[in-house]
Amino acid sequence: MSNKKTLLSGVKPTGRPHIGNYFGAMKQFVDMQEEYQCMFFLADYHALNFIQDKEEMKQQIIDLALDYLALGLDPQKSLIYKQSDVPEHGELTWIFDTITTMPYLERSHAYKDAIANGKEITVGLFNYPMLMAADILLYDIDIVPVGQDQKQHIEYARDTALKFNHVFKSEVLKLPEAKIIEDVAVVPGIDGRKMSKSYGNTIPLFASDAEIEKAVMSIVTDSGSEKPENVYAIHRLFKTEEELAPLYEEHKGKYKALKEALIVDLKAFITPLREKRAQLASDTDYVLDVLKEGGQRAREKAMKKMDEVREAVGVKLY
Ligand code: ADP
Ligand code: TRP
């Protein structure tokens, strides 16, 4: 048995990742594979709150699996699986529901935001924190790397583990720690606001050359300054200050030339990723095998933990 600490994180298969997601989160996942025993899953049952179309769901799952593999998540090192292959996630959620009160869930920021925006809330969305707690607590996880916006969800998981252990006088569930990924300064989008799928201001991580050119040429620049800040902030992800200084000195105030230089650097970064992804996409059987095998291995772990949970609550009679 490895004595490495365990790490788990999940992403909902709900859209194309962008360079903000990569530098803010996914890059760290790839790097952490060496130091931790990692589990990375596709949160498809969470996504079901948002995607309710069979063909789209299938496509989104395969797309996210391709993204994971193309970025360098390695099935030899990490467990890669989808949530729906481990029905114990749903079973444990039910048990948590029985020890959790409505007012406690009503304090969730995500829930309050949805209410404030006049959204109709499904029971699934309301209960999102309990499914997320189960995602983590089934596997005795030490560390959960997430963005700042997910911090409260990890608190819910910790509280729920404590409550379960207290109510059932057990020590079955392990308390996880959030590892908040320090935002690589928030990556700005092409309009200068935070790059986000919901603002439509992204540079997709697997963009085509034409998409890269179009996105960079539309980066908003304010004509007052000699250095286009929004261009520079993205450029800094690929080159050091020292490398960029002579370029920005030479092309002071010449936004087009600076954007062209950024396009060259973006293409150099994205092209190999895109090619790797295309190569993987030509063999979806391999991708499905990775998910299937990962699902089986994750399920073995989850079944063991559920056995302890059933024992603790008193329903395990044989
Ligand atoms: P989006 O805002 O595009 O919907 P998500 O909320 O799905 O992105 O974020 C997934 C992960 O990527 C989170 O861990 C988040 O912290 C990180 N992330 C998203 N956008 C950025 C950004 N512009 N800069 C840095 N990190 C980001
Ligand atoms: N809620 C996370 C998000 O929206 C995804 C997620 C689901 C997750 N379950 C998780 C992340 C468990 C970490 C651990 O980004």
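Student: Which residue lies over the face of phenylalanine 206?

Tutor: This is a predicted model. A charge counts as over a ring if CZ of Arg is within 6 Å of the ring centre, with an angle limit of 35 degrees from the ring normal. Here the distance from the ring centre is 5.3 Å, and the residue is arginine 277.

Student: How far from the ring centre of tyrosine 232 is the charged end of lysine 227?

Tutor: The charged end of lysine 227 sits over that ring. Its distance from the ring centre is 3.8 Å.

Student: How many aromatic pairs does the structure hold?

Tutor: Rings pair if their centres lie within 6.5 Å. The total is 13.

Student: Are the rings of phenylalanine 23 and phenylalanine 238 stacked or edge-to-face?

Tutor: Their centres are 5.6 Å apart. Planes over 60 degrees apart count as edge-to-face. These planes stand at 90°, so the pair is edge-to-face.

Student: How many residues apart in sequence are the parts that this pair ties together?

Tutor: Phenylalanine 23 lies in helix α1. Phenylalanine 238 lies in the loop between α11 and α12. The pair therefore ties together parts separated in sequence by 215 residues.

Student: Is phenylalanine 23 buried or exposed?

Tutor: Buried means under 20% relative accessible area. Phenylalanine 23 has 8%, so this residue is buried.

Student: Are the rings of phenylalanine 41 and tyrosine 81 stacked or edge-to-face?

Tutor: The ring centres are 5.7 Å apart. Planes under 30 degrees apart count as stacked. The angle here is 25°, so the pair is stacked.

Student: Which strands hold phenylalanine 41 and tyrosine 81?

Tutor: Both residues are buried. The pair ties together parts 40 residues apart in sequence. Phenylalanine 41 and tyrosine 81 lie, respectively, in strands β2 and β3.

How values were computed
Residues numbered from 1 in each chain as written. Chains lettered and ligands numbered in written order. Predicted model: local features only at pLDDT ≥ 70, side-chain atom pairs only at ≥ 80, totals over all residues. Heavy atoms only, no water. Phe/Tyr/Trp six-rings, centres within 6.5 Å; stacked < 30°, edge-to-face > 60°. Helix = DSSP H or I, 4+ residues; strand = E, 2+ residues; numbered from the N terminus. Buried < 20%, exposed > 50% of the residue type's maximum accessible area, 1.4 Å probe, protein only.
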